[in-house]
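Keep the sequence and the structure in view.

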Amino acid sequence: MAMQTFLNLSKLVREGRKLAESSDVVSFDLFDTLLVRRTHDPDLVKLPVARYIAQLATTRGIAIVWEEVQQKRDRIEAAMRAETGKTFVDHEACYPVFMQQLLSEIFGDPTGVELFAEVADFELRMESAMLVARKELVDWVGELKEQGKKLFVISDMYLPATMLKTLVDKAGMTDLFDDVISSADSFQAKASGLAYPLVAERYGLVPERWLHVGDNPISDGLQADRAGLTALIISDPRESQRKSLAKRYYNYSLGRPFWRGRALQQLMMPLEAENQPQPDLYMEGYNFIGPLICAFLQELLEKCRQQKIGKIFFLSREGWMFSKCWEQLLPWLDPQKTAPPSEYLYVSRMALAGASCARQGLSRTNADIAFLPPGNRDFKDVCRIFSLNWEVFSEHLARHQLTADTCLSHIHDGYEPKNRERFNDLLRDLAFQAEVMAQTADSGLALERYLESVGFFSCDKVALVDIGWLGTIQRFLVDAIAHRQDAPTCQGYLFAATRGIPYPESEKNRLEGVVYDRNRFDLAASTIFYARDIFEEACRAPHPTLNGYRLHGEDFKLELRQTEDSLGQAEIEQDKYFEPLQRGIIDAARRYGPAAAMMGREVEDLRPWLNYLLVSKLAFPRTREISAIRHQHHLDDFHGSKKPKKEFHKQEVPLWDKPRWHLRFSPILRPRLFFKHLRDRINE
Amino acid sequence: MRRVVNSRFMLTGNEHHRLCGLAAFAKFIPIGKLRGGPGARCLFTLSVLHYGGYWLYFLQARYGHRLGRVRHLLTKVRRWKT
């Protein structure tokens, strides 16, 4: 029977089902038939492997760049194909042979052979990450298996059958096939047609009762037909369109930096069964916030290497999402395992604020920070933030003609500047500071014990990773441990540093914004100002915030906030609402790693695309997007509940807080607010 | 409920026409560092592929074998040009 070509996979499967009734054996081509590649060019998988080998060489003191490794591989593989061509019709190559030869050439004889398993494992992982099983075909293969047909995979490929079996297993087709046959083992390929009689002889198959499915009209079609098989060929225009787009994005990214991030997202795309209908929030997590967080973590890895960081601490609660994504990314971005160890650290502004006063008392800057949120008004708010009992301070306050309810914030009614001066005098009062230190001593000690338990003091330099914005947590943490001789150098990395108040940087205490830092002008990245809360909510851990550290005998205890009250319940509700968004972010990290390893780009290369994403999504969002991503409840114990005076509310409502009707029916709203944002940033 | 990638291989929520719109806006108002931006020619080619790519490849798969003469002619023109 002549071969049949199908432009639609469903039609091919329908016809295949009919033909399979009169067949005992069904064989499938592997690449571009059973499995599709995320990339347009299969050779692109070789590039990260070349980079991996070059890194291995560097760690062993061999100076070689990855381009040279790739050239050597191409040369050795081509030589092997030419050599095979002298004996066999097909010019095939065998991966273990040429790869061991390559490694021996680079590392010398015994080491090269020893390293083969490691390199082969990485190449297989890379190949596997770039392959997706075609759901319709896999379902059909399952049916054929149940019908008792003999099933084979036949591939013209340089990887031997043992390695192809691993790829088939990883694609979720374990035990479906009787055997996997590769041209790398026999040097007899489908291209010449010699593979078919070879397989027929080896397994005792009758060509007339053998159905073959593939994508190549020559190897899988014409040659199979000549061997007496029935052949079905898939020529899917949708696959051609996808690959053509992937090719354009990749090629454009070589010349135009703007497309580098887009090409990476094209490689991250879920395909076939991976691309299931999802809620809108999942979409935002996968296509918007996920890539931003992954780029942040990629840059973090690079910076930690440069700064020779001993340990990375992801600060709660936003650090929870960072650590989850970090786990997904690390096997791909750091296959040599050179990254410092990481740990999730239970901290919060509220918990650290009190502990920071244990040795140094309440500093004026820290007291000023307490009055940044508009809901904080008086001494009671200061006490709430720094875990102090305000009733004990009545004598101290009276000495300075203050009460616990005296207004100390200029944005509240009843504010008098002289009261703030009196408050500053109070901060200089040694008796007052002694009481502050007495009340917070236990908290400070418990914090130190907790930090000791996580190995915080065993490194010279640690990275403190947080979402943003002012670096308050790091500020309090450094204050709390400043008295210790073994306090490490703290290098803070924030997703975005908006720096509302100057950060006290020193040799042992530094802070840097990675995606955005107010210290460097970046208009596009500054659009983070539009909606900082959504990043906080998107990254927040599904556990309550930390209220403080408590001594527990010789040990310590972490005190998490109770969730029974209305605020706690609102937060649980918010966490449930954002669950699809967080799922999208983690899924994005799962695919960002292999895509970034494949592209081999630094975050600086991706920045134009990330900038576009930020402007497009934050400054020019659709109404539907704002409605979906805008948080329902945002809990922040740091913020008090007192209402500032009316003038404070006269400022324009931010875009992300506008009512839906305004967002929908005001065509110039977004450009107007963007102009305002532009003006504000220039005037900063 | 939508898919992360739509039937035109665009990222849902970040479709190609949205990029074209912002690129046009960025021609007049600075929106930040885009290092040269997307480029009109790239945008045009990608628009053709995203919106009409399926039918182009369908025609190529269905009737591509009949285009041998046209391809031959195009190759000749290209050679003549260079």
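**A cis bond and its surroundings**

Arg317(A) lies in the loop between β9 (311-315) and α14 (319-333) of chain A. Helices (H or I, at least four residues) and strands (E, at least two) are DSSP runs, numbered from the N terminus. The bond that joins Ser316(A) and Arg317(A) is a cis peptide, with omega about 0 degrees. A cis peptide bond also joins Gly468(A) and Trp469(A), with omega about -5 degrees. Trp469(A) sits in the loop between β11 and α22 (472-481) of chain A.

This is a predicted model, in which local features need pLDDT of at least 70 and side-chain atom pairs count only at pLDDT 80 or more, while totals for chains, interfaces and linings use all residues. Residues are numbered from 1 along each chain as its sequence is written, chains are lettered from A and ligands numbered from 1 in the order in which they are written, and side-chain values use heavy atoms, with hydrogens and water left out.

Now the whole chain. Chain A holds 29 helices and 15 strands. Its C-alpha trace spans about 105 × 65 × 50 Å along the principal axes. Of the 684 residues in chain A, 59% are buried. Buried means under 20% relative accessible area, exposed over 50%, and partly exposed in between (1.4 Å probe, protein chains only). Contact means heavy atoms within 4.5 Å. Among contacts in chain A with a separation of 6 or more, 77% are between residues 24 or more positions apart.

Turn to the sheet that holds β9. Its 5 strands run in the order β10-β9-β11-β12-β13 (chain A), and the sheet is open with parallel pairing. Two strands pair if DSSP finds at least two bridges between them. The edges are β10 (342-345) and β13 (509-517) of chain A, each pairing on one side only. From one strand to the next, the twist averages 25 degrees. Within this sheet, β11 (residues 461-466) and β12 (residues 489-497) of chain A pair in the parallel sense over 6 bridges. There Lys461(A) stands opposite Thr489(A) in β12(A).

A further open sheet has 6 strands in the order β1-β8-β7-β2-β5-β6 (chain A), again with parallel pairing. β1 (4-6) and β6 (179-182) of chain A each have a single partner strand, so one side of each is left without a neighbour in the sheet. The twist here averages 20 degrees from one strand to the next. Phe6(A) has Ile234(A) as its bridge partner in β8(A). Val153(A) stands opposite Val180(A) in β6(A).

In a regular strand the side chains alternate between the two faces of the sheet. Both faces of β6(A) are covered: Asp179(A) and Ile181(A) on one side, Val180(A) and Ser182(A) on the other, are all buried.

Helix α6 (residues 135-146) of chain A lies across β2 (25-28), β5 (150-155) and β7 (210-214) of chain A, at about 155 degrees to β2(A). Axes are lines fitted to C-alpha atoms, for helices over the stretch in contact, and angles run from 0 to 180 degrees between N-to-C directions. α10(A) touches β7 and β8 of chain A, and its direction makes about 155 degrees with that of β8(A). Gln223(A) belongs to α10 (residues 217-226) of chain A. Gln223(A) is buried, at 11% relative accessible area. Beyond its neighbours within four places in sequence, Gln223(A) contacts Lys190(A), Ala191(A), Ser192(A), Gly193(A), Tyr196(A) and Ile218(A).

Next, helix α11. The buried residues of α11(A) pack against elements of both chains, including α25 (579-599) of chain A and α1 (16-26) of chain B.

Asp175(A) is not a glycine, yet its phi is positive, about 65 degrees. Asp175(A) is exposed, with a relative accessible area of 63%. Lys308(A), also not a glycine, has a positive phi near 55 degrees. Lys308(A) is exposed too, at 69% relative accessibility.
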